[in-house]
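Here are a few friendly notes to read alongside the model. Take them one at a time, and find each residue in the viewer as you go.

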Amino acid sequence: MSEDLKIIIGNKTEQYQSLIPQIKGLLDGEPDLIANLANICGALKEQFNWLWIGFYLVKKDELVLGPFQGPVACTRIKKGRGVCGTSWQKAETLIVPDVEKFPGHIACSSLSRSEIVVPIIRNHLVVGVLDADSLQTNQFDKTDQQFLEEIVSFISF
Ligand code: SME
């Protein structure tokens with residue numbers, strides 16, 4: 001497939017429905033994890049232009065920064081710390097409508113106002129998380145959760 005992404009104007013569901021087959025195409029036949037995580041970030045950033053989108057991968061007892069798009073970010077997060085570490089600990093997606101109201105939120109960028117973190121679970125273990133940050137409060141909802149969980153299910157670890 002061509003490496004040009006088709007960006008559409010539409011509601012959130014339409015945007016994900018356009019993007020998902022393109023992400024599948026980008027991952028198809030490519031076994032390299034870093035390449036695939038990088039392209040997922042690129043595709044989501046191009047379509048949605050959130051402040052930050054990226055992966056943290058579980059390495060020993062920490063999350064370590066992986067491929068991302070956006071401002072530089074903190075490199076290591078302990079289990080149970082921040083939104084990412086809490087999502088890892090609970091093994092569930094966390095939607096944070098207002099980061100200032102999430103106790104222990106880690107402000108990698110002072111510009112972030114809302115966030116969603118989706119755990120990547122393989123064999124009942126969290127192997128990483130997908131994290132998205134927005135300049136706006138209330139950016140993320142159940143629709144994002146549904147489609148982002150679908151997108152991380154495509155990743156082969
Ligand atoms: N806000 C996250 C930290 C990662 S950055 O947003 C990229 C957290 O509280 O875990």
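1. Start with the ligand. In this predicted model, the ligand is surrounded by 13 residues. Val83, Cys84, Ile106, Cys108 and Glu115 are the closest of them. Sorted by class, the shell around the ligand contains eight nonpolar, two polar and three charged residues.

2. Next, see which parts of the fold build that shell. At least two residues each come from strand E1 (52-59), helix H3 (82-90) and strand E6 (125-134). H3 gives the largest share, with three residues.

3. On the nitrogen side, a ligand nitrogen atom lies 3.3 Å from a polar side-chain atom of His105. Overall, the protein buries 98% of the 300 Å² that the ligand exposes when taken alone.

4. Where does the ligand sit? Its place is the largest cavity.

5. Finally, come back to Cys108, one of the closest residues to the ligand. Cys108 is joined to Cys74 by a disulfide, with 2.3 Å from S to S. Cys74 is in the loop between strand E2 (62-69) and strand E3 (76-78), while Cys108 is in the loop between strand E4 (94-96) and strand E5 (114-122), so the pair ties together parts that are 34 residues apart in sequence. The structure holds one disulfide. If the term is new to you, a disulfide is a covalent bond between the sulfur atoms of two cysteines.

Note on methods: Residues are numbered from 1 along each chain as its sequence is written. This is a predicted model: local features need pLDDT of at least 70, side-chain atom pairs count only at pLDDT 80 or more; totals for chains, interfaces and linings use all residues. Side-chain values use heavy atoms; hydrogens and water are left out. A residue is near a molecule or strand if one of its heavy atoms lies within 4 Å of it. A polar contact is a pair of N or O atoms within 3.5 Å; within protein, one must be able to donate a hydrogen and the other to accept it, and residues adjacent in sequence count only if both atoms are side-chain atoms. Accessible areas come from the Shrake-Rupley method with a 1.4 Å probe; for residues, only the protein chains shown count as cover. On a 1 Å grid over the protein atoms alone, a cavity is a set of points where a 1.4 Å probe fits but cannot get out, and a pocket is an open set with protein on both sides within 12 Å along at least five of seven lines; lining residues have an atom within 4 Å of a point. A molecule sits in a cavity or pocket if more than half of its atoms lie within 2 Å of its grid points. Helices (H or I, at least four residues) and strands (E, at least two) are DSSP runs, numbered from the N terminus. Ala, Val, Leu, Ile, Met, Phe, Trp, Tyr, Cys and Pro count as nonpolar, Asp, Glu, Lys and Arg as charged, and the others, Gly among them, as polar. A disulfide is a pair of cysteine sulfur atoms within 2.5 Å.
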